Amino acid sequence: MKDRADGSSSRLTKPSEAGLLDPRPGAAGAHRIAVVGSGPRGLSVVERLAARLAEEPARGPVEILLIDPVQVGSGRVWRTDQPEWFLMNTVAAEVSSFSGTPDGGPARPGAGPSLAQWWQANEADTYAGPNGYAPRALHGRYMQFVLETVEAGLPPHAVLHRVHGEVTDLERTMDGYRLSLADGSALDADRVVLTTGHTTPELSGQQKTLAEFAAAHPDVRYVRGDSAADMPLAEIPAGSYVGVLGLGLSFYDVMAALTLGRGGRFTEGADGRLAYEPSGDEPVLVAGSRSGMPLPARGRNQKHHDFRYSTLLFTADRVRAQSPDGTCDFNRDALPLLLAEVELVYFRTEIRLASGEERAAAFTADVVSAAEHGVPDVRAIAARHDVGGLPPVDLESLARPFTGRVYDSPEAFAKDLDEALRDDLAHAERGNVDSPLKAALDVLRDTRGIIRGLVDFAGLTPRSHRTDFLGWFVPRSSFLAAGPPMIRLRQVAALIDSGHLRIVGPQTCFEGDGDSGRFAMSSPAVAGSRTLVDTVIDARIPTPDVHRDPAPLTRRLVERGIWTSYVNGRGDEAFDTGGVFVTRAPFHPVGRDGQPDEGLYVLGIPTEHTRWFMQGGSSRPGFWTDFVQDADAIAAAALTVPEREPIAVGTGAALGRADGDQ
């Protein structure tokens with residue numbers, strides 16, 4: 001049977017040796033675990049498998065198959081052949097793919113360097129310091145090092161096979177699972193871990209309309225949302241007008257590719273402001289979004305990589321105490337306490353900077369005391385400490401700064417935009433400890449674990465989950481707490497100054513213009529903003545949805561009833577999340593028959609909305625975040641060989657449960 005990555009023979013290679021991979025499960029008595037997808041989630045599972053195998057007493061032989069269609073060990077998004085101008089948005093010292101820090105011995109599963117430590121030791125000529133932002137390709141090279149370390153650290157009774165290929169189908173057998181690959185080969189396994197990562201869902205709504213217009217007009221093009229490294233950006237002609245839909249993280253990637261990637265360069269003037277020197281090969285960028293504001297910059301990092309923020313007001317117990325009937329409404333029960341925590345950090349930072357730690361501690365004590373009687377009025381308490389006059393931390397106005405404003409010309413809007421960019425950069429430069437605003441907004445990032453505990457597995461009412469949380473809070477918190485490095489916002493300002501970038505305004509509309517055969521962009525708030533463009537690039541990361549994922553494997557899993565969509569609630573109020581229905585750890589998929597498949601595990605992006613913030617791409621060195629805990633739970637379960645009857649072939653007929661109560 002052919003089962004090699006390139007489809008030509010059944011020989012697979014381990015870095016140090018070549019051997020024949022028997023496609024049958026349990027060949028030569030081996031317990032075989034297949035991990036499908038080798039991005040950060042898949043690699044983390046493999047690292048924990050290796051660490052557990054090294055720590056536990058010798059057992060029977062174990063085979064690990066790490067399967068990926070793009071680059072085994074790095075995956076598609078982090079592959080090593082992408083350009084260096086695509087940057088991460090987390091500082092290097094806060095990133096690790098090892099589940100433990102170095103301990104004086106050699107790097108091995110469970111104990112290895114962070115991204116920053118590896119970067120400094122292996123590519124010192126480009127090392128930007130612990131608070132630098134690494135290129136994604138460099139992180140991909142780090143992932144390759146991690147995989148090599150995992151392979152070298154496996155005990156004699158275990159082996160890892162790298163399988164370069166696309167899994168297109170999975171079906172149950174009497175004693176395990178059969179994986180079909182795109183090249184026509186097949187592999188069998190006892191356990192299968194699905195960490196398939198980002199997808200490109202079928203187009204719908206506005207995206208479909210724009211794509212259909214482009215298909216009917218050969219002189220224009222529509223580029224769908226995806227990783228910028230996979231977009232056909234090289235095909236865009238110099239000097240043409242390019243509309244960019246969205247001003248989030250992917251916008252910055254597109255911007256870099258069409259400027260730095262076209263030979264342009266940024267230089268710094270005496271006033272510290274960047275200037276752009278064009279190569280002449282650039283297109284003209286015209287961008288827009290609902291907010292009209294590029295994603296604000298991350299504050300200059302002033303925190304140690306093992307910093308842990310302990311909340312004083314926003315705790316799971318306090319939130320649950322607000323909902324005596326046991327059903328949590330995010331806006332009623334969680335958001336007031338979260339915003340109070342944000343304001344506590346905001347005013348405490350200002351008091352510390354103005355009057356010292358003692359006064360800040362006294363203010364904090366007053367707030368905590370007031371919290372014994374309900375959600376405290378933090379601003380009123382701050383006024384008693386002489387800082388109540390600071391501008392409010394209003395998530396809506398911060399995330400939508402131009403709402404309600406009307407401009408009589410693009411120039412008038414550009415003036416306000418420049419002021420907003422300068423203001424954000426000033427806050428970012430002060431840092432995420434010394435800027436009251438950036439320190440406060442970091443609370444949104446630092447409390448993700450608490451929020452997940454409240455939201456995951458139908459923790460919210462269906463209406464609140466769909467409308468309050470996903471519809472309102474998530475876009476605003478992502479906008480305010482997940483920004484790019486400061487350099488990107490400085491580059492935006494330089495490109496606007498040079499005329500190579502224009503931001504249209506808030507509530508930007510994108511539509512096909514039948515008269516010109518081009519796309520038209522405009523903002524209803526900015527008179528004279530209508531602009532015709534030749535290309536529209538959707539610079540938004542697609543929302544995962546099991547119903548709209550065209551990947552062959554997803555289609556077959558859904559057709560077979562192995563994957564179902566998680567539904568929060570019942571009846572008229574039910575909210576179909578589009579995320580894969582899984583149990584709690586170790587995250588078995590729940591099939592159409594309503595039963596968890598205990599030999600399968602699903603982790604990461606496919607489960608988004610069943611669980612929240614599954615797109616996180618790494619853990620932090622020094623302590624186990626949910627990222628590592630999830631991987632370890634799967635590793636422990638996948639290595640267990642229970643005494644049980646084989647899973648019967650067939651999907652059953654009953655509908656899976658929708659209430660998430662396993």
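Analyst: The protein has 17 helices and 22 strands. Both are DSSP runs, numbered from the N terminus: helices are H or I of at least four residues, strands E of at least two. This is a predicted model, where local features need pLDDT of at least 70 and side-chain atom pairs count only at pLDDT 80 or more, while totals for chains, interfaces and linings use all residues. Residues are numbered from 1 along each chain as its sequence is written, and side-chain values use heavy atoms, with hydrogens and water left out.

First, the overall form. The C-alpha trace spans about 75 × 65 × 60 Å along its principal axes. The radius of gyration is 26 Å, which agrees with the value near 26 Å for a compact globule of 662 residues. That radius is taken over C-alpha atoms, and the globule rule is 2.2 Å times the number of residues to the power 0.38.

Next, the interior. Of the 662 residues, 55% count as buried. Buried means under 20% relative accessible area, with a 1.4 Å probe and protein chains only. A nonpolar core is a set of buried Ala, Val, Leu, Ile, Met, Phe, Trp, Tyr and Cys residues joined through side-chain atoms within 4.5 Å.

The largest such core holds 91 residues. Phe251, Phe363, Leu444, Phe469, Phe473 and Ile537 touch the most other members. Helix H7 (residues 330–355) gives the most to this core, with 12 residues. A second, separate core has 69 residues, including Leu43, Leu66, Ala158 and Val193.

Now take Leu444. Contact means heavy atoms within 4.5 Å. Leaving aside neighbours within four places in sequence, Leu444 is in contact with Leu338, Val342, Leu395, Phe473, Ser477, Leu480 and Ala481.

Thr447 lies in the loop between helix H12 (436–446) and helix H13 (448–455). Thr447 counts as buried because its relative accessibility is 0%. Not counting residues up to four places away in sequence, Thr447 touches Thr311, Phe314 and Leu338.

Leu210 gives another view of the interior. Leu210 sits in helix H4 (residues 205–216). Leu210 is buried, with a relative accessible area of 2%. Beyond neighbours within four places in sequence, Leu210 is in contact with Tyr222, Leu245, Phe510, Glu511, Phe519 and Val536.

Among contacts between residues at least 6 apart in sequence, 72% join residues at least 24 apart.

Terms used
Buried means under 20% relative accessible area, exposed over 50%, partly exposed in between (1.4 Å probe, protein chains only).
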